[in-house]
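Keep the viewer open as you read.

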Amino acid sequence: MSIITITEENFDQEVLQSEKPVLVDFWASWCGPCRMLSPVVDRVADNQSEVKVGKINVDEQPDLAQQFRVMTIPTLILFKNGQPVKQSVGVQTEAAIMNIIKN
């Protein structure tokens, strides 16, 4: 499944109204750990279909980052039924991300 670029304009439809859980990666282009995590998140998106995967650039969408109290990046937040249910900060392995999704 491809990764969705999430903005304020499509956040409600893609995340809050999604029938599937949504894993959101809060990132920035200047962030080294974000660049390390990005291919891992891409693999997760490619290797499973039970969740949607989206990315929010915190420099382009600062209000969304503030709304979910993202103070450190990269931050992953799993949304279910429009609500944030799990959060992870920092670089994670693919296995750790799959654990967030499955549990």
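Contact here means heavy atoms within 4.5 Å. This is a predicted model, in which local features need pLDDT of at least 70 and side-chain atom pairs count only at pLDDT 80 or more, while totals for chains, interfaces and linings use all residues. Residues are numbered from 1 along each chain as its sequence is written, and side-chain values use heavy atoms, with hydrogens and water left out.

Begin with the sheet. Helices (H or I, at least four residues) and strands (E, at least two) are DSSP runs numbered from the N terminus, and two strands pair if DSSP finds at least two bridges between them. Five strands make an open sheet in the order E1-E3-E2-E4-E5, with mixed pairing. At its edges are E1 (4-5) and E5 (83-89), each of which pairs on one side only. Strands E2 (residues 22-27) and E4 (residues 75-80) are antiparallel partners over five bridges, and Val24 stands opposite Ile77 of E4.

Angles run from 0 to 180 degrees between N-to-C directions, with axes as lines fitted to C-alpha atoms, for helices over the stretch in contact. Helix H2 (residues 32-47) lies across E2, E3 (52-57) and E4, at about 155° to E3. Helix H4 (residues 94-102) lies across E2, E4 and E5, at about 25° to E4.

A nonpolar core is a set of buried Ala, Val, Leu, Ile, Met, Phe, Trp, Tyr and Cys residues joined through side-chain atoms within 4.5 Å. The largest such core has 18 residues, and those with the most contacts inside it are Phe11, Val24, Phe26, Ile73 and Phe79. H1 (11-16), E2, H3 (62-67) and E4 each supply at least two of its residues, with the largest share, three residues, coming from E2. Apart from this core lies another, of 14 residues, including Val44, Leu78, Ile97 and Ile101.

Leaving aside neighbours within four places in sequence, Asn57 is in contact with Trp27 and Ala28. A polar atom of the Asn57 side chain lies 2.9 Å from the backbone nitrogen of Asp59. Lys52 also lies in E3 and is buried, at 13%. Lys52 and Val22 are 30 residues apart in sequence, yet 4.6 Å apart in space, C-alpha to C-alpha.

How values were computed:
Buried < 20%, exposed > 50% of the residue type's maximum accessible area, 1.4 Å probe, protein only. Polar contact = N/O pair within 3.5 Å; in protein donor to acceptor, adjacent residues only side chain to side chain.
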